[in-house]
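Okay, thanks for coming, everyone. I've got one structure to walk through today, so let me put it up on the screen.

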Amino acid sequence: MNIAAIGTGFIVDAILSAIEEVYGVKCTAIYSRKRETAEPLADKYGVQTIYTNLNELYTDPNVDFIYIASPNSMHYEQAYQALQHGKHVVCEKPFTSTAWEAQTLIKLARDKNLFLFEAISNIHLPNYNKVEEQLSKLGNIRFIQCNYSQYSSRYNQLLAGETPNVFNPEFSGGALMDINIYNLHFVMKMFGSPKTVSYTANRHINGIDTSGVVVLKYPEFIAECVGCKDTTSMNFVLIQGEKGYIQVVGGANGCQEIKIQIGQEPLEMINVQAQSNWLYYEWEAFRNIYINKDYTKCYELLSHSQSVMNILAEARKDAGIVFAADRV
């Protein structure tokens with residue numbers, strides 16, 4: 001499984017570090033607009049080919065998958081072109097800017113019998129699976145709280161009058177798409193789509209959300225998802241049932257440890273993640289699906305990604321957040 005990476009940011013560095021440990025996965029090429037930007041990563045991980053022309057990357061016969069880690073607004077067009085050239089695709093979260101873009105990519109991948117994945121790491125983690133296994137102990141679920149907040153260094157640039165991509169509506173940025181999306185994936189992969197969604201956000205003068213809370217209403221419980229890029233917090237997930245609760249230490253992104261409290265029983269602590277770089281697990285999952293030609297599993301994941309994109313679109317609409325991609 002040979003991959004080529006589009007992008008040279010910190011997430012690409014982390015991914016290349018992770019796949020060094022995943023048997024059968026190798027990065028053979030990196031794309032960047034400027035060769036000198038890609039050279040440090042290529043040298044660090046022994047990547048032999050650097051492209052500064054996307055068409056050359058799309059037609060490289062040694063590349064099976066193209067991993068897209070460009071700004072959010074570019075995901076759709078780059079994934080579309082990669083699929084058109086017969087390449088499988090792994091696209092960073094958020095999958096796309098809009099629900100329509102996600103639907104279009106999924107249809108194209110299915111029509112061409114290609115694999116397409118959203119690189120959302122938390123739903124592939126062993127500790128995430130353990131949380132699902134333990135849910136029945138809680139009895140009827142009544143409330144879920146998620147907080148994933150991380151002060152962004154780019155927020156200082158925003159306050160200084162600049163508009164970095166992550167806080168730019170033209171690039172489909174904002175706290176919901178960049179950070180709260182982990183909470184939505186965590187909740188929705190476990191419980192499906194909610195009946196209703198609302199989003200209350202702190203917004204910059206340019207219209208982008210710097211922090212906010214999504215409320216997902218299910219028939220029997222409410223899930224509250226907080227995501228902030230303008231503050232930091234003690235990150236956590238708390239699933240509360242009538243018989244007890246499950247706490248996910250460190251929040252939805254990483255699922256570092258699980259604490260289970262049932263009635264007056266002793267507190268139970270679980271951690272089954274052996275890999276320090278938790279990105280390992282999503283790439284192990286992608287490799288297994290690819291090797292086993294498990295299109296059923298691929299389509300299940302894509303259906304989930306589509307559901308999340310639908311809810312993201314509803315949440316943005318509720319908060320009045322408009323991207324350039326909405327006008328296409």
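So, which residues touch the most other members of the largest nonpolar core? Keep in mind this is a predicted model. That core has 115 residues, and the ones to look for are Phe186, Leu216, Ile239 and Trp283. As general background, nonpolar side chains in soluble globular proteins tend to be buried together.

Let's zoom in on Trp283. Setting aside residues up to four places away in sequence, Trp283 touches Met1, Ile3, Ile15, Ile19, Val22, Val25, Tyr67 and Val90.

Next up, a lysine. Where does Lys229 sit? You'll find Lys229 in the loop that links strand 10 (222–228) to strand 11 (236–241). And is Lys229 buried or exposed? Its relative accessible area is 6%, and because the cut-off for buried is under 20%, Lys229 counts as buried.

Who's around it, then? Skipping neighbours within four places in sequence, Lys229 has contacts that include Gln150, Tyr151, Tyr155, Phe167 and Asp178. With Asp178 there's a polar contact, side chain to side chain, at 2.6 Å. There's also Asp209: 20 residues from Lys229 in sequence, and 8.9 Å away between C-alphas.

Last stop, helix 4, residues 75–84. The buried ones here are His75, Tyr76, Gln78, Ala79, Ala82 and Leu83. What do those buried residues pack against? Among the partners are strand 1 (2–6), strand 4 (65–68), strand 5 (88–92) and helix 5 (99–111). Then, following helix 4, you get Gly86 with a positive phi, near 85°.

Okay, that's my tour. Over to you.

Technical notes. Residues numbered from 1 in each chain as written. Predicted model: local features only at pLDDT ≥ 70, side-chain atom pairs only at ≥ 80, totals over all residues. Heavy atoms only, no water. Core = buried A, V, L, I, M, F, W, Y, C linked by side-chain atoms within 4.5 Å. Buried < 20%, exposed > 50% of the residue type's maximum accessible area, 1.4 Å probe, protein only. Contact = heavy atoms within 4.5 Å. Helix = DSSP H or I, 4+ residues; strand = E, 2+ residues; numbered from the N terminus. Polar contact = N/O pair within 3.5 Å; in protein donor to acceptor, adjacent residues only side chain to side chain.
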